[in-house]
Amino acid sequence: MKTIYGHPLSAPCRTVQWYAKYSRKQLVEVHTVAIEKGENRSEEYLKKFPSGLVPGLEDAEEEFCFGESTAILQYLADGDPIAPKTRCAKAALQEYFAEHARAVRNLSKLCFQPALASPSPAETGASFTSGLDQVRDQLSKHNDALSRHRYILGDKLTLADFAFAPELDQLQFLSSSCLDQYPHLVAYLNRLTAAVTGYKESAEEAAEHFRKVKSDLPA
């Protein structure tokens, strides 16, 4: 049995949870870590995952615990049809994962997370607008790339899409129109919603959790 430890408002956690749904892994269960209550800093959690971060994966059969979403993603996909087979495909995926860590994660770090942590609706909006201005080059880059092919690394779904989409779609939790000037990004998300197992469910669960969190804010 493998257990994914995560939180519904973490894009990296959604990456691995979505893949588990997509691949219909029968021996994977999901445990929600109550970060807001400090569960990720508990002695029990830190014994398994010393960084205190999510996501984490525990493989009981192998007696192995580790973190980092792209590492977990590749661990779960090992031997699956979607896993890259050629040297070129493997290199392209690793190149994307490096860019993801360096630049794409800023969609969370500069936009979503600061807005989520803002204590009032006005501050949430201001924080999100400021963050969005800082990542427009990144959005434009991917919008242009997706004008030429259907998915992040070409015309076939790859593990790169499982990492990228949760970073992108969470922006729409804050503003449904924020991607309107990037039509190829919107079309990409619509494509995933219509055709890729587990994506719609994953995105809707995260959006609903987000609405619950922000509904408690004072006016």
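Welcome to this fold: four strands line up in an open sheet in the order β2-β1-β3-β4, with mixed pairing (two strands pair if DSSP finds at least two bridges between them). The model is predicted, so local features need pLDDT of at least 70 and side-chain atom pairs count only at pLDDT 80 or more, while totals for chains, interfaces and linings use all residues. Residues are numbered from 1 along each chain as its sequence is written, and side-chain values use heavy atoms, with hydrogens and water left out.

**Overall build**

- The protein chain has eleven helices and four strands; helices (H or I, at least four residues) and strands (E, at least two) are DSSP runs, numbered from the N terminus.
- With a radius of gyration of 17 Å, close to the 17 Å that the globule rule gives for 219 residues, the protein chain is as compact as a globular protein of that length (the radius is taken over C-alpha atoms, and the rule is 2.2 Å times the number of residues to the power 0.38).
- The C-alpha trace of the protein chain spans about 50 × 45 × 30 Å along its principal axes.

- Strand β1 (residues 2-6) and β2 run parallel and are joined by five bridges, and Y5 stands opposite H31 in β2.
- β3 and β4 run antiparallel and are joined by four bridges, and here E58 stands opposite C65 in β4.
- Four residues lie between β3 and β4, which form a hairpin.

**Helices lying across the sheet**

- α1 lies across β1 and β2, at about 145 degrees to β1; axes are lines fitted to C-alpha atoms, for helices over the stretch in contact, and angles run from 0 to 180 degrees between N-to-C directions.
- Helix α3 (residues 69-77) lies across β1, β2, β3 (56-59) and β4, and runs at about 130 degrees to β4.

**Helix α1 with helix α11**

- Helix α1 (residues 11-22) packs with helix α11 (residues 199-215) at an angle of about 140 degrees, and their axes are 9 Å apart.
- That angle makes α1 oblique to α11; under 35 degrees counts as roughly parallel, over 145 as roughly antiparallel, 65 to 115 as roughly perpendicular and the rest as oblique.
- The crossing of α1 past α11 is right-handed (a crossing is left-handed if the near helix is turned anticlockwise from the far one by less than a right angle, and right-handed if clockwise).
- From α1, R14, W18 and K21 meet Y199, E201, S202, A203, E205 and A206 in α11, where contact means heavy atoms within 4.5 Å.
- Sorted by class, this contact of α1 with α11 has four nonpolar, one polar and four charged residues; Ala, Val, Leu, Ile, Met, Phe, Trp, Tyr, Cys and Pro count as nonpolar, Asp, Glu, Lys and Arg as charged, and the others, Gly among them, as polar.

**Helix α3 with helix α4**

- α3 and helix α4 (residues 87-104) pack at about 155 degrees, with axes 11 Å apart, and they are therefore roughly antiparallel to each other.
- T70, L73 and Q74 in α3 meet L93, Q94 and F97 in α4, a contact with three nonpolar, three polar and no charged residues.

**Helix α8 with helix α10**

- Helix α8 (residues 159-169) and helix α10 (residues 183-195) cross at roughly 115 degrees, and their axes come within 11 Å.
- The crossing of α8 and α10 is left-handed.
- D161, F164, A165, L168 and D169 in α8 meet L185, Y188, L189 and L192 in α10, giving a contact with seven nonpolar, no polar and two charged residues.

**Backbone spots to look for**

- Most residues other than glycine have a negative phi, and most peptide bonds are trans.
- The peptide bond from V54 to P55 is cis, with omega near 0 degrees, and P55 is found in the loop between α2 (43-48) and β3.
- E63 is not a glycine, yet has a positive phi of about 55 degrees; E63 belongs to the loop between β3 and β4.
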